[in-house]
Amino acid sequence: MATNNTPFLLPHILLNVCEFLSQSDIFHISVLNKAVNAVTKEVGSPLFYNLDLAGSLQVNSLLEKAGRDNRFIDGVRHLTVEFCNRLVDSGLACLDSFKNLTSLNLNGCPNITNNALKIAMSKTPKLQKLTLYWDVSLTDPGIQYISSHPNAKSFVHLNLSGVKHITDECFISVISSCPNLVFLDITRLEKVTDKSLIAIGDNCHQLETLIMYSCSQFTDNAFIQLTNRVNGLHYLDITGMSKLSDNGLKEIAQNCPKLNWLSLRWCVLLTDEGLKAVSENLHHLLFLSIHGIVPLTDQGIDYLIKGCPRIEQLDINGCKNIKNRSKEYMHSKFSAFRELLSL
């Protein structure tokens with residue numbers, strides 16, 4: 001049996017093995033095994049670019065140890081602590097040790113408070129990506145710290161999905177501080193209004209991905225003002241926009257011709273006329289969901305066939321008035337067709 005002192009694998013083989021392990025596993029093994037410690041001790045090694053502690057029950061102690069380890073101090077670019085139920089605010093005190101951190105994933109951490117964001121925003125001067133999915137305990141005073149981040153103007157990715165207590169005043173302040181966002185997710189932000197959507201249009205002209213799942217409060221007017229200013233979108237999810245009309249969809253289609261992914265699920269006011277506008281403007285569309293839009297008929301599909309020949313995936317679940325719904329039919333009409341989602 002090999003002992004702790006017997007490096008029976010060549011260093012380059014050990015490194016290859018380590019590439020398949022999580023950073024927490026590497027950290028533990030390197031403490032126990034001298035051979036692994038030797039091949040992973042190089043400062044700045046790519047092995048330590050991503051510190052992934054997702055779901056860890058020892059997240060607070062592991063962060064503390066990593067903050068004292070030179071391999072992590074100089075190496076870590078991306079830190080993931082999502083779904084760490086035991087993460088507390090003080091566990092983030094080590095963040096200033098990670099000098100090159102650009103990405104922080106705090107998704108689904110139920111025990112962090114507004115103070116966690118105060119700590120995080122004050123200790124991550126190079127941050128560009130922040131994800132806070134379903135951190136439901138966070139409120140305006142905490143989210144507001146994003147606005148004061150010294151690198152806010154360089155943020156490219158912000159996920160606020162499910163942070164449901166945010167109000168217009170706070171959201172507009174944050175968006176005004178992050179003008180270079182490329183990705184924004186505001187799913188289920190129930191308290192923000194058209195004012196916030198208009199503020200996105202006023203400030204975030206570089207957006208390529210915008211996810212607004214289940215924000216039924218937004219109106220046509222807000223969408224028109226948004227897309228008049230933000231017209232480089234490639235990916236748009238407006239699932240559940242129950243107030244969106246054909247006229248609103250027409251403005252979106254006319255203003256965002258680069259869209260290749262569009263979800264209109266449960267936009268229940270739309271008719272075939274809305275799909276006509278899609279067909280006349282979104283010629284690069286690869287994915288479209290019209291799930292649950294009962295008024296749509298085969299006429300709407302005919303419009304898509306004429307104007308959106310590149311569609312690869314089409315979701316028509318719940319569209320009971322669309323009769324030509326077989327995969328064979330869709331394959332015969334769309335040259336690149338791959339998948340039909342239909343019950």
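**Cysteines, sheet and core**

The sulfur of Cys-178 lies 7.3 Å from the closest cysteine sulfur, that of Cys-204, which is too far for a bond. A disulfide is here a pair of cysteine sulfur atoms within 2.5 Å. Cys-178 has 0% relative accessibility and therefore counts as buried; the term buried stands for under 20% relative accessible area, exposed for over 50%, and partly exposed for the range in between, with a 1.4 Å probe and protein chains only. For Cys-267, the closest cysteine sulfur belongs to Cys-319 at 11 Å, again too far for a bond. Cys-267 is likewise buried, its relative accessible area being 0%. By the distance rule, the count is 0 disulfides.

The model is predicted, so local features need pLDDT of at least 70 and side-chain atom pairs count only at pLDDT 80 or more, while totals for chains, interfaces and linings use all residues. Residues are numbered from 1 along each chain as its sequence is written, and side-chain values use heavy atoms, with hydrogens and water left out.

Leaving aside neighbours within four places in sequence, Ile-290 touches Leu-264, Leu-275, Leu-296, Ile-301, Asp-315, Ile-316, Cys-319 and Ile-322. Ile-290 is one of the residues with the most contacts inside the largest nonpolar core, together with Ile-143, Ile-146 and Met-212; this core has 105 residues. A nonpolar core is a set of buried Ala, Val, Leu, Ile, Met, Phe, Trp, Tyr and Cys residues joined through side-chain atoms within 4.5 Å. Helix 6 (residues 114-122) supplies the largest share of this core, 5 residues. Helices (H or I, at least four residues) and strands (E, at least two) are DSSP runs numbered from the N terminus.

An open sheet of 12 strands runs in the order 1-2-3-4-5-6-7-8-9-10-11-12 with parallel pairing, where two strands pair if DSSP finds at least two bridges between them. Strand 1 (50-52) and strand 12 (339-341) are at the edges with a single partner strand each, so one side of each has no neighbour in the sheet. Strand 5 (residues 157-159) pairs with strand 6 in the parallel sense over 3 bridges, and Asn-159 has Asp-185 of strand 6 as its bridge partner.

Strand 6 (183-185) also meets helix 9: the buried residues of that helix pack against this strand, helix 8 (168-177) and helix 10 (220-229). Helix 9 (residues 194-203) is mostly covered, with 7 of its 10 residues buried, among them Leu-197, Ile-198 and Ile-200.

Definitions and conventions. Contact means heavy atoms within 4.5 Å.
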